[in-house]
Amino acid sequence: MTDQTYCDRLVQDTPFLTVQGRLSEQQVDRIILQLNRYYPQILTNKEAEKFRNPKVSLRLRLCDLLSHLQRSGERDCQEFYRALYIHAQPLHSCLPSRHVLQNSDCTELDWGSESHELSDRGPMSFLAGLGLAAGLALFLYCCPPDPKVLPGARRILGFSPVIIDRHVSRYLLAFLADDFRAL
């Protein structure tokens with residue numbers, strides 16, 4: 001497990017972040033505004049104005065901001081990473097320091113890298129499966145139990161909802177009665 005601090009990570013990620021075109025002007029401005037508005041102890045109004053000055057190139061302003069945060073301390077660097085995650089999540093997941101953390105078994109600093117994707121098939125596949133399940137459930141609950149309409153449907157589809165409900169209720173009552181007897 002590595003003991004890499006946020007300041008160490010920022011030193012490692014600075015060349016990656018300052019490459020032309022990685023961060024847009026709007027993303028940098030949002031990060032600066034977040035650090036200034038939510039954490040005025042990290043960036044004062046004067047410093048925020050300096051780092052948002054459109055007369056200075058974006059790369060130079062970003063380099064100045066990152067060096068200022070490295071000098072400020074660990075908590076300031078951590079808040080920068082939080083702001084970067086909020087405003088530039090795809091870039092945050094590609095940082096070189098994150099690859100080092102993912103290759104080591106360090107999970108303390110590795111927040112936000114988990115993927116919450118259910119499958120790689122996309123939303124249409126999910127909606128098709130959900131629609132099929134909902135349609136089958138609607139068919140089972142709304143279809144009249146008349147065997148003349150669907151001969152053999154009970155054999156194919158199993159129990160009707162009423163029979164299932166009766167069995168579940170019976171088993172549930174038996175389970176609860178056993179629990180009360182045990183007391």
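Visitor: How much accessible surface does the protein chain have, and what share of it belongs to carbon and sulfur atoms?

Guide: The accessible surface of the protein chain is about 12,800 Å², with 59% belonging to carbon and sulfur atoms. Such areas come from the Shrake-Rupley method with a 1.4 Å probe, and for residues only the protein chains shown count as cover. Keep in mind that this is a predicted model: local features need pLDDT of at least 70, side-chain atom pairs count only at pLDDT 80 or more, and totals for chains, interfaces and linings use all residues. Residues are numbered from 1 along each chain as its sequence is written, and side-chain values use heavy atoms, with hydrogens and water left out.

Visitor: OK, how many helices and strands are there in the protein chain?

Guide: Helices (H or I, at least four residues) and strands (E, at least two) are DSSP runs, numbered from the N terminus. Here you get ten helices and zero strands, so the pattern along the sequence reads α-α-α-α-α-α-α-α-α-α.

Visitor: What percentage of the residues in the protein chain is buried?

Guide: Buried means under 20% relative accessible area, exposed is over 50%, and partly exposed sits in between (1.4 Å probe, protein chains only). Of the 183 residues in the protein chain, 28% are buried.

Visitor: And among contacts between residues at least 6 apart in sequence, what share joins residues at least 24 apart?

Guide: A contact means heavy atoms within 4.5 Å. Among contacts between residues at least 6 apart in sequence, 63% join residues at least 24 apart.

Visitor: Now salt bridges: how many does the count come to?

Guide: The rule asks for a side-chain nitrogen of Lys or Arg within 4 Å of a carboxyl oxygen of Asp or Glu. By that rule, the count is four. One of them pairs E25 with R61, at 2.6 Å from N to O. That pair links distant parts of the chain, with E25 in helix α2 (residues 25-37) and R61 in helix α4 (residues 58-72), 36 residues apart.

Visitor: Are E25 and R61 buried or partly exposed?

Guide: E25 is partly exposed, because its relative accessible area is 35%. R61 counts as buried because its value is 3%.

Visitor: Which residue forms a salt bridge with E79?

Guide: That's R82, with the closest N and O atoms 2.9 Å apart. Both lie in helix α5 (residues 74-87), three residues apart, about one turn of the helix. E79 is buried at 7% relative accessible area, whereas R82 is partly exposed at 32%.
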